[in-house]
Amino acid sequence: MHSPRFTAEPPSNDPVERDFTVRDVSGLRSPASDAGRAPMFDVIIAGCGPTGAMLAAELRLHDVRVLVLEKETEPKSFVRIVGLHIRSIELMAMRGLLERVLEHGRQRPAGGFFAAIGRPAPKNLDSAHAYLLGIPQPVIERLLEEHAIELGAQVRRGCVMAGFEQDDEGVTVELADGEQLRSRYLVGCDGGRSTVRKLLGVGFPGEPSRTETLMGEMEVGVPQEEIAAKVTEVGETHRPFWLRPFGEGVHSVVVPIAGVSDRAEPPTLEDFKQALRTIAGTDFGVHSPRWLSRFGDATRLAERYRVGRVLLAGDAAHIHPPIGGQGLNLGVQDAFNLGWKLAAQIRGWAPEPLLDTYQAERRPVAEDVLDNTRAQTELLSAEPGPRAVRRLLTELMDFDEVNRHLIEKITAIGIRYDFGAGPDLLGRRLRDIDVKQGHLYGLLHRGRGLLLDRTERLTVGGWSDRVDYLADPTAALDVPCVLLRPDGHVAWVGDDQQDLDGHLSRWFGRPAD
Ligand SMILES: Cc1cc2nc3c(=O)[nH]c(=O)nc-3n(C[C@H](O)[C@H](O)[C@H](O)COP(=O)(O)OP(=O)(O)OC[C@H]3O[C@@H](n4cnc5c(N)ncnc54)[C@H](O)[C@@H]3O)c2cc1C
């Protein structure tokens with residue numbers, strides 16, 4: 001397969017909605033000479049945001065040679081606080097990162113996130129980590145990047161991925177300074193304005209931004225009581241809107257503005273003052289900003305996650321408004337799903353369709369997140385109709401089942417991949433249960449499969465180089481045995497060796513001789 005060779009114009013600040021210009025550069029090295037070159041890397045990842053860093057670490061668990069290209073010379077400095085939801089916290093526990101992230105975050109109640117409707121989470125959520133972890137995005141990015149580097153990933157900062165061409169053997173990647181690199185696969189983790197996605201020609205249909213909101217952290221010049229009263233009053237008619245104390249005299253400020261501007265331009269403090277005066281009649285004496293940014297509500301999903309040897313993950317594959325705090329979580333979970341599959345492909349043991357299950361599993365999850373953010377956005381409207389729907393939903397959330405359903409969606413613990421007919425557990429992630437060695441997730445740090453066998457009579461046989469085995473009749477499971485994939489999803493439930501062997505083949509390829 002030879003796709004045309006394209007390179008991007010110099011890095012663009014254009015809003016994601018604008019068309020991206022590509023130019024054919026047939027003057028680059030010929031495909032024939034590329035095809036003969038041994039890849040320098042197994043995988044090149046464009047972008048060292050949370051998705052790219054997580055993917056690099058996952059690949060390194062399997063000794064894959066990884067290079068991450070990041071255009072920024074320094075990690076991001078603006079402190080956007082994000083929430084790690086339950087499933088992402090579980091992922092951290094599964095890779096031995098839990099203590100590190102807990103040290104830097106604040107545990108908060110898991111409830112109250114769906115459209116910011118203030119209902120507490122239902123009791124007995126199915127997780128050992130049933131809380132939200134508030135953590136600055138630069139911190140989680142740094143921790144993930146450090147983790148990837150500790151595992152042996154190379155990260156090159158100040159490197160802009162500007163073009164690529166794929167052929168039968170690999171991908172030739174061109175940097176903005178003209179340097180060429182070669183790898184077997186390329187993954188675009190380069191954010192919502194993804195160069196990789198645009199150069200691939202993958203469609204990104206959806207809705208453009210209709211609204212724009214300013215967000216930042218700054219000090220205020222009036223007493224807290226005055227702010228609280230005004231925020232409650234204005235919040236009745238304008239959402240999202242808040243000024244929340246954030247510690248050390250700093251307030252987190254979110255204020256909608258009229259119209260949609262060029263989002264590449266960061267807002268100024270004066271923009272904030274003006275927006276606050278417009279909707280609250282006062283600018284609260286805001287001053288000394290720590291950082292200022294803006295976001296829109298564009299909602300888009302890539303038509304494909306893979307074209308040959310090039311894949312997309314994270315914001316490069318999907319964008320949506322930040323309501324509910326799901327974007328980073330979704331990207332990190334994409335990386336967790338893709339990592340072991342791409343590693344299996346490179347190590348040579350992947351069964352034929354394994355890599356394609358990445359799109360088959362993750363694209364529907366993103367579709368669902370896009371839909372729930374669309375719904376949440378409507379519920380934030382100050383129009384009478386949506387406000388009535390919001391009141392009704394608020395009432396419905398008093399029913400445990402409704403509340404549970406919504407929180408399982410936002411926290412991603414309700415996901416069930418379609419692995420075919422079988423018991424309800426099949427395709428779901430398994431919570432962290434107690435096992436005789438301690439915690440189940442403690443046994444998953446190496447990113448391998450795991451057979452948890454309460455019958456003590458099954459074996460992983462010729463798959464023992466890829467799948468660990470734990471015989472534990474005391475494990476807190478109500479089924480005899482489960483086979484877990486490296487991402488902790490249940491690939492098989494049962495007690496029959498022949499049936500198990502079939503499923504080991506399905507997910508882990510042919511047994512070793
Ligand atoms: C106001 C706001 C609040 C949010 N709150 C939350 C929240 O609470 N919870 C949550 O889960 N999510 C939240 N999000 C969403 C979250 O920030 C994103 O979903 C997340 O950053 C996506 O991670 P990513 O790694 O896929 O992409 P990005 O973080 O965009 O990283 C992409 C990286 O690629 C690099 N890059 C781009 N192009 C190139 C190139 N050509 N070559 C080399 N490098 C390149 C960029 O410099 C960047 O470092 C919020 C977003 C906003 C705007």
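Tutor: Helix α7 (residues 224-235) lies across β14 and β15, running at about 145° to β14. Before going on, a word on the source: this is a predicted model, where local features need pLDDT of at least 70, side-chain atom pairs count only at pLDDT 80 or more, and totals for chains, interfaces and linings use all residues. Residues are numbered from 1 along each chain as its sequence is written, and side-chain values use heavy atoms, with hydrogens and water left out. Helices (H or I, at least four residues) and strands (E, at least two) are DSSP runs, numbered from the N terminus. Angles run from 0 to 180 degrees between N-to-C directions, with axes as lines fitted to C-alpha atoms, for helices over the stretch in contact; contact means heavy atoms within 4.5 Å.

Helix α8 (residues 269-280) also packs on the sheet: α8 touches β13, β14, β15 and β16, and its direction makes about 70° with that of β15.

Now the sheet itself. It's open, has four strands in the order β14-β15-β13-β16, and the pairing is antiparallel; two strands pair if DSSP finds at least two bridges between them. The edges belong to β14 (242-247) and β16 (287-296), each of which has a single partner strand, so one side of each is left without a neighbour in the sheet. From one strand to the next, the twist averages 20°.

Further in, β13 (residues 212-219) and β15 (residues 250-257) pair in the antiparallel sense over eight bridges.
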